[in-house]
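Please open the structure in your viewer and keep the selection tool at hand.

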Amino acid sequence: MKRIMRFGIVIVCFFFVFLLSGCSKSERKVVNVLNWSSYIPDSVVRDFEKETGIDVNYSTYSSNEECLAKVSSAKEGTYDLIFPSDYMIEIMSNRGMLEKLDFTKLENENNIDAIYLKQSFDKDNQYSLPFVLASTVIAVNRNHITDTITSYNDLLREEYRDNITLIDDQRIIIGMALLANGYDMNTVDESELEVAKEWLLHLKPNIKAFDSDSPKNFLITEEADIAVLWNAEAALAYQENPNIEFIFPEESIALSMDNFAIPKGAKHQDEAYQFIDYILKDDVMKEIIESYPYKNVNKETQKLLDKDYLYNQAANIPGSVIERGIYVKNIGESVKLYDKLWAEIK
């Protein structure tokens, strides 16, 4: 009888331990982050978790359109923090998909350089704060390519067949074709878009791959000798191969400012603010920029970056390049024209 009682006590104890451990796990704080691929090092995420006790559920996307699709199709509250680019901030805020930011929950907001605030897509930064600035660039492996390249039109040369990698982003690549023909990269003129389509069809035999996740790998492995890619990818390729040259085309380049934003109905907003504030720390942003060398927008971090970043123009984009750069704009329903063109190209 005593054995039965003892056994019963043991079972009850195990039951309560199970309940307590379950409660402990359910009470752990979390933040659900949706971000671009290769943007924040795992070490930063792990250090944040250790410092705050907040678990980070991290998922990625490869384009603004994919970000929009994931947030739109998911149940409200699925994501707590996202990183859309300029024009996508405008689209999502217009659709009521973003929460207004509460700056009283941020201690490090003032670390952001004021020149990157109050952009046209969010004039009062009601819905977004800058994370990094990116630009497109042409990268060329000078081990194999000795031609002078100054223009997007130089990429049309027949000798580059199956040797060019492009970002898998319809607004950027169609915009490139428009710029190559002297048009506004945000045009909605159907005749101009038709010219851009014909230009891209002319370029198509030269295209090795469309890749937004890690286009630098084609350059590093020498599967392709030319790429149109984001500046940080070019900078990282250069670190692996100093024979990689980066070129800002004479027509202009696309600029992209990626931003912190909180989706409407986010369930863990306090945790999202903690994650934003952590990233805005000067030393944390330094670690991010050194791993993924986009244009830094944190003025306190800028004081900490070494000459390897500061003198690398692919990473630390010169002001003169930024001045002639062009942001992708929200074109409303006319984006369907780009969707149709993109489907015909790919």
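**Stop one: the cavities**

The second largest cavity has a volume of about 40 Å³, where a cavity is a set of points, on a 1 Å grid over the protein atoms alone, at which a 1.4 Å probe fits but cannot get out, and a volume is the space filled by probe spheres set on the points. The model is predicted: local features need pLDDT of at least 70 and side-chain atom pairs count only at pLDDT 80 or more, while totals for chains, interfaces and linings use all residues. Residues are numbered from 1 along each chain as its sequence is written, and side-chain values use heavy atoms, without hydrogens and water.

Select Thr-136, Tyr-152, Ile-172, Met-176, Leu-179, Val-228 and Ala-254, which line the second largest cavity; lining residues have an atom within 4 Å of a point. Helix H5 (residues 170–180) gives the largest share of this lining, 3 residues.

Next, select Trp-36, Tyr-39, Ser-62, Trp-230 and Tyr-294: of the 23 residues lining the largest cavity, these lie nearest its centre. The volume of the largest cavity is about 230 Å³.

**Stop two: the core**

Select Phe-131, Leu-200 and Leu-203, which touch the most other members of the largest nonpolar core, a set of 113 residues. Such a core consists of buried Ala, Val, Leu, Ile, Met, Phe, Trp, Tyr and Cys residues joined through side-chain atoms within 4.5 Å; buried means under 20% relative accessible area with a 1.4 Å probe, protein chains only. Strand E4 (residues 129–141) supplies the largest share of this core, 9 residues; helices (H or I, at least four residues) and strands (E, at least two) are DSSP runs, numbered from the N terminus.

Conventions:
Buried < 20%, exposed > 50% of the residue type's maximum accessible area, 1.4 Å probe, protein only. 1 Å grid on protein atoms, 1.4 Å probe; cavity = no way out; pocket = protein on both sides within 12 Å on 5 of 7 lines; lining within 4 Å.
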